[in-house]
Amino acid sequence: MILKEFRELFRDRRTLAMLVALPLLLLVIFGYAANFYVSSAKTALVGPGSVRVADQLPPYFHVTTAEPAASEAQARDLIRDGKADVAIVTGGTQPVALVDGSNLFAAQSVVGALNRANASGASIKVEVLYNPGLKTSWVMVPAIIGLILTFIGTIITSIGLVREREAGTLEQLAVMPIRPATVILGKITPYFLLAALDMIIVTVLGVALFGVPFIGNIATFVLGAALFLFVVLGLGVLISTLSQTTGQAIQTAFFFLLPQILLSGMIFPLDAMAAGVRWIGYLLPLTYFAIISRGVMLRGAPIASMWWAFVVLAAMAVVIFVGATLRFRRDLAPGGGGQVDAPLAADPEPTPDPAP
């Protein structure tokens, strides 16, 4: 029995990966990504004399923008558009440091560094924008919305399609004159509508229960959520084509879900991760939805300041949807091959029995 179980285990590659690869993945992730301290802050110097004020600050403040002729309103725009973690503004009676509170862990590090600088003789007024109380819930709720959509898109969708395969109803589509892309759209539409409803409920509850602000454009938020939903629903369909049973679908979806939670910047800030791990976060769709949702809800950022996140999600949606369609067509069409958008061939007419 022991030898039999070992043979079955080695034949089950998904379970073997869960036993071997998952512990290594968790070790690497928590070793290099589980860090809340941001080692440097993007700093903008605004107003005359701001450079001299910055000389009093530690090297932690990495200057990325210097605009001596700009005003405080322009400095606030830089923070709103996510171009700086802190803006040092001079020209008034006292220098002011505008801190982006929507980037929670960077803001905490910046405020701590400024307080130490003031204790050493600097005289800089600190003003935290978009999250004055530095509340964790304010930055977590926008990302949790994306996590819920990811859960529905990957696990629920893949399980629903695999159950049809197990019941034998999926093969019946092979005899119907329906294009694979049409089949996928028909399959994911109910999940898309349910996920959209969940998104509305979670967003409203987050605003009502935790006091999370929603100061941005609703249409911008909806567009980002729709693109993100197409990506995760496409992942769910792709997972279903790689799985034969519900257990396999759950295992595969878990491999997609775990990195999204840990490496998307939802819990651990991307700027605090080691460079060797950080690049994985930039391959995950939840990373870009978190950027959009936090930017819209907390800062009221316009779409022009986050256009690259929308472009990345749109590209991911196209690539994953095309890949899922190709895989799905191969599963539906007997023998595979042919064009992706070609109708699926029906069964040939039965040959009548010869006359006696």
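L45 stands opposite I88 in β3, and 4 bridges join β1 to β3, the two running parallel. Both strands belong to an open sheet of 5 strands with mixed pairing, in the order β2-β1-β3-β4-β5. The model is predicted, so local features need pLDDT of at least 70 and side-chain atom pairs count only at pLDDT 80 or more, whereas totals for chains, interfaces and linings use all residues. Residues are numbered from 1 along each chain as its sequence is written, and side-chain values use heavy atoms, with hydrogens and water left out.

**The sheet**

- Strands (E, at least two residues) and helices (H or I, at least four) are DSSP runs numbered from the N terminus, and two strands pair if DSSP finds at least two bridges between them.
- The edges of the sheet are β2 (61–67) and β5 (125–129), each of which pairs on one side only.
- Neighbouring strands are turned by 25° against each other on average, direction ignored; axes are lines fitted to C-alpha atoms, for helices over the stretch in contact, and angles run from 0 to 180 degrees between N-to-C directions.
- Strand β1 (residues 41–46) runs parallel to β2 and is joined to it by 6 bridges.
- V46 has E67 of β2 as its bridge partner.
- Helix α5 (residues 104–119) packs on the sheet, where it touches β1, β2, β3 (86–89), β4 (96–100) and β5; contact means heavy atoms within 4.5 Å.
- The direction of α5 makes about 160° with that of β4.

- β3 pairs with β4 in the antiparallel sense over 4 bridges, and V89 has V96 of β4 as its bridge partner.
- The two strands form a hairpin with 6 residues between them, and G91 in the turn has a positive phi of about 115°.

**T90**

- T90 lies in the loop between β3 and β4 and is buried, with a relative accessible area of 12%.
- A polar atom of the T90 side chain lies 3.3 Å from the backbone oxygen of G47.
- The T90 side chain also reaches the backbone nitrogen of S50 at 3.3 Å.
- Leaving aside residues up to four places away in sequence, T90 touches V46, G47, P48, G49, S50, V53 and P95.

**Helices α7 and α8**

- Helix α7 (residues 180–210) packs against helix α8 (residues 218–242) at an angle of about 135°, with the axes 10 Å apart.
- The two helices are therefore oblique to each other; angles under 35 degrees count as roughly parallel, over 145 as roughly antiparallel, 65 to 115 as roughly perpendicular and the rest as oblique.
- The contact residues of α7 include I184, I188, Y191 and F192, and those of α8 include F221, A225, A226 and L229.

- Most residues other than glycine have a negative phi.
- Y130, not a glycine, has a positive phi of about 70° and lies in the loop between β5 and α6 (136–167).
- L134 is in the loop between β5 and α6, and its phi is near 50°, a positive value in a residue other than glycine.

Notes
Buried means under 20% relative accessible area, exposed over 50%, partly exposed in between (1.4 Å probe, protein chains only). A polar contact is a pair of N or O atoms within 3.5 Å; within protein, one must be able to donate a hydrogen and the other to accept it, and residues adjacent in sequence count only if both atoms are side-chain atoms.
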